[in-house]
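Hi,

Here is the structure you asked about. Have a look first, and my notes follow below.

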Amino acid sequence: MSALPFHRRHATRLAMRYLVALILVVIFVFPVYWLFIISFKTPDEIFAFPPVWYPNSIQFANYAVLFKDGDAATVGNSLILASVSTFFAMILGTIAAYSLVRFKTGGENLAVWIISQRMMPPVAIVFPLFLLYVWMGWVDTYFGLILLYTAFSLPYVIWMMRGYIEDIPLELEESALVDGCTRWEVLWKVVLPMARSGLFATAVFTFIFAWNDFLFALVLTRTEVTTYTVQVTHYFGGQSNFWAKIAAMSVLGTIPVFFTVAIMQRYLVRGISMGAVKG
Amino acid sequence: MPAIAAHHQPDRNFKYWIIAPAVFLLLLIGLFPLIYSLVVSFMRIDMMDTDTSFAGLYNYKQLFKDSRLWWSLAHTLLITVIALPLELVLGLAMAYLFLEKLPSRQIFISLLVLPTIISPIVAGATWRLLFDNKYGPINQIISWIAGQRVDALWTINPSLVYPAIIFCEIWQWTPFMFLILLAALSNVDKSQTEAAEIDGASFIRTFRYVVLPAIWPVMAIAILIRGLDLFRIFDIIWALTQGGPGTKTETISIYAYVQGFKQFETSYTAAIAFLVIFLLTVVCTWAIRRMGLVK
Amino acid sequence: MVTRRDVGKIGIAAGIAGTAGLAPRAAYAADGAATAVEAAKQYAGQTITIVWEAGLQSLDPLNFSGPKWKELTGIDVKVVEVPVAEMFTKIMQDFKSGAGAYDALNVIPSWMPDLANAGALEDLDPFVDKYGYRDELMKIASTYRDNQMKVNGKIYGLPDDGDVFVMYYRTDVLNDPAIQKAYKDKYGADMPVPPTNWKDFDQVGQVITEAGGGKLYGAAFFREPGYGNFMFQERFRNEGGKFFDADTMKATINSDAGVKVFTDWVAENKWAPAGVEQWGFVENLAAFLQGQTAMTISWPPYGRWAASYGTDQEVMSWVPKSTIAGKVGYAMTPGGHPELAAGFCLSVSSTSKNKEAAYLFIQWLNSEATSLERVKLPYALRDPFRDSHFTDAGYAALWPEAKDYLKALQDGANNGLLDLSLLQTDKYEEVLRQSVSKLWAGDDPKAILDAAAAEWDAITEKIGVDKQKAVYADWASKSGAYPKM
């Protein structure tokens, strides 16, 4: 190899890297592909042996039945719960983070306590929470779930936003104050615009956390606010695994996140790494 | 809010006003359940009885006799210690692969992120479809390679069920590690690594003494986040095996759910919750200090 | 109590129901369906929520009874699909939460005591009397009526599903002279067709697999833990096993009978199709319908689909096409006492905010007229459970062997074994499910069952030995608890 001229060696290396990358992409994308095509398969194709690798025709019957029976509404529930809770978590979390950064409210202890809430395993609190919700009559209500997801996202939002707000030059805020802005106006007109990209990135992840939740929804929803993650598991077991329904429901529940991520992509990598760096 | 009226001086209560709602919510959702379950864990409440008499340490003593509980902790640990290093190493290797220029790099990266944004419960369901003995593609592919029909019962056979869970886990979360580490590697000062290479340092040495210290803060956080997530793993296993065969893949989260919501052992579940919180606090404190995240 | 005015109403209602496609001979003294429809109209515009087993079972309320009820009464039916393993949990959770999210429920009879004792179910006696349904209710086949309706003397559920295991066998294969000769050569005796005990069954199965050349197997079974639980309960008792020592209330599932069942299962897997350990309803069905297995044991729907009854409908398109129509025989499961596995009752949730409408819906579902339509739905999984279903001329004419089929179901009902039903039954069953699962993981049968018995004892102890003993004694005194030897 060393005998090869530099650019040839370089080219070979690039080709090798490209090949490996391609293989990796195939491995990581194949399961998603499989999920999608099952949702388009006819029952005959799903229960074919050996498996059918690509459907002969794209048909939407598996989706149609989800809409007909109202199962698809669970995606709507997830959408409401995730977006409303993200909205509140972003507002409450950002102003709380601002308080922590600018005024050192509660000192390091409060900040550490808040972050430690993120470490709490859901399973440790889901049971007492269920009893609390029973007592308050919040089971199976939008309010209850939104409250929960908001609270659960807060440590993350505060943690992330703390990093972004620290980056904002203090002088900007001070000059705004001198200009006669109230504290609220400073927050609204200076801090939020400056932290915009951080806000977006954090919001996307907050949305995904709430969207992906299964355990809380499993325990705290019944019929009215069932999320799509719970609905998917309703097709397991019984006389059969309704593979077509599992796949179609999964795809329905995955598409909104795909779009969110696609639109917000430029903020994401930065969001992930920033949060980590600043933590 | 009257506080805003005070214009020029920063209002003294402003900082409390803006943090109060968040703290209140965290107390309600985070702290209340803890106190409540602490109280309940000393009672005798179960499905049929709401016996609130004081049971002393009965439930806590039961914990020590409960081999299923300790096995579930062992399973959790097993999954964590296998999956976490694999995700880390694979993620790092992938990050290096994509660090330099590569045609259609951005598209590749976008595609590789797909698994991470899928809901874990869906990831589990997807792999269940993939692993199916008859209608799934994995056994089909293995059969082609082996040249004969292979019946591998991925969700039943005790020697295959952990690989199945860990495949799924790695598939979903390696891209997360990859993204974080790619970002961290991109921020490493190129002149230093180049200088080390010119000095004739091997790749390993360069990584150990130049790159690793630079990316460690990020990497440590990523390890911590994934470690915590792995410790509470629930969704993927719920979809793949529900803890089976038998209780062989029951993790602590699955076990606590079974006790709390299938057996309705209210008081005992509260005791389990406390054990989990205690263990986690100890381990996290140790890990955070050990990794140098807090000086 | 039916007053004269009511009778008039019922007459009108029956007329309406008749035109709407209900059984035209609505000549019952008090037609439960018509009464329910008439009384329910005052709730038009409301919605009732019913818990139903996820999957196939739910096709009945989703595609047939729900829309029809809406058309007749203006009441919307919302179906909550829950996997069977989660149903008890969900119902109990809803009751504990007091949310009242569910109005009507599908309840597996063996859970009924627990749910009723906990207060989750509504006592239905007042409703039954109010709407004059008692006579019609009593016409449910005696096995189901006497064992699956009451707790502590009160009605908590309307038995609504004639679930019983049936042995299906391929008449063409078992009567094949070549196979019969192979059997005789190997065992020196005539091949029993169909086999009536497990020893014969296993011998026949093995011979067929050997002759099948990898294309045809002697038999396949439900092996996944959920259904394995029922299969174990059936076979264990047919082998002479008893669940408990009636005096000490110590679990005796680790007796020789239990170990024999588990050991035989493992041995059978060797000549059953590869991967059978994982098989549930669909896998087993597919193999049988595609002609890959010669014998199997399952619930009644297999028989209908094997005969290609209704499988041309669109909702049934997932069922593999039957290649064996006309070649299927029906028999008692080996040992002669099939499990009355699972089954369903219709109940009303005690936390429902609309109990009256919920009750009327389940009465309508359960009535002679509606239930006959429901058990004939090709895609549904509700099986004949009324005497009138077994003798229905229309049903017997649905396919050539339908008459034999109904006879097998009726015999099964009469000889069947009840699922174990105690306080906190689900805990005991969970141990059995775990045990089945461990068996496929390769553990030793005796060790598994010893551990299971120990777990049962621990559960019993926790509940209270004397309390549970009384409940068990009551259960064991029922005619379907153990085979009459």
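Which strands of chain C does helix α20 lie across? Helix α20 (residues 402-415) of chain C lies across β7 and β10 of chain C, and runs at about 20° to β10(C). (Helices, H or I with at least four residues, and strands, E with at least two, are DSSP runs numbered from the N terminus; axes are lines fitted to C-alpha atoms, for helices over the stretch in contact, and angles run from 0 to 180 degrees between N-to-C directions.)

Before the rest, some housekeeping. This is a predicted model, where local features need pLDDT of at least 70 and side-chain atom pairs count only at pLDDT 80 or more, while totals for chains, interfaces and linings use all residues. Residues are numbered from 1 along each chain as its sequence is written, and chains are lettered from A and ligands numbered from 1 in the order in which they are written.

Back to that sheet. It is an open one in chain C, with 4 strands in the order β8-β9-β7-β10 and mixed pairing (two strands pair if DSSP finds at least two bridges between them). At the edges sit β8 (217-220) and β10 (328-331) of chain C, each pairing on one side only. The average twist from one strand to the next is 20°. Strand β7 (residues 166-170) of chain C is antiparallel to β10(C), with 4 bridges; in one of the pairings, C:M167 has C:A331 as its bridge partner. Helix α14 (residues 281-289) of chain C also packs on the sheet, where it touches β7, β8 and β9 (293-298) of chain C.

As for chain C overall, there are 23 helices and 13 strands. Its radius of gyration is 23 Å, close to the 23 Å that the globule rule gives for 485 residues, so chain C is as compact as a globular protein of that length (taken over C-alpha atoms; the rule is 2.2 Å times the number of residues to the power 0.38).

Chain C splits into domain 1 (4-163 + 342-390) and domain 2 (166-337), with bounds from an automatic or database domain assignment. Their C-alpha centres lie 33 Å apart. Domain 1 of chain C puts 10 residues into the contact and domain 2 of chain C puts in 12 (residues are in contact if their C-beta atoms, placed from the backbone, lie within 7 Å).

Finally, chains A and B: each gives 75 residues to their contact. Helix α13 (residues 243-278) of chain A supplies the largest share of chain A's side, 14 residues.

Cheers

Conventions. Two residues are in contact if their C-beta atoms, placed from the backbone, lie within 7 Å.
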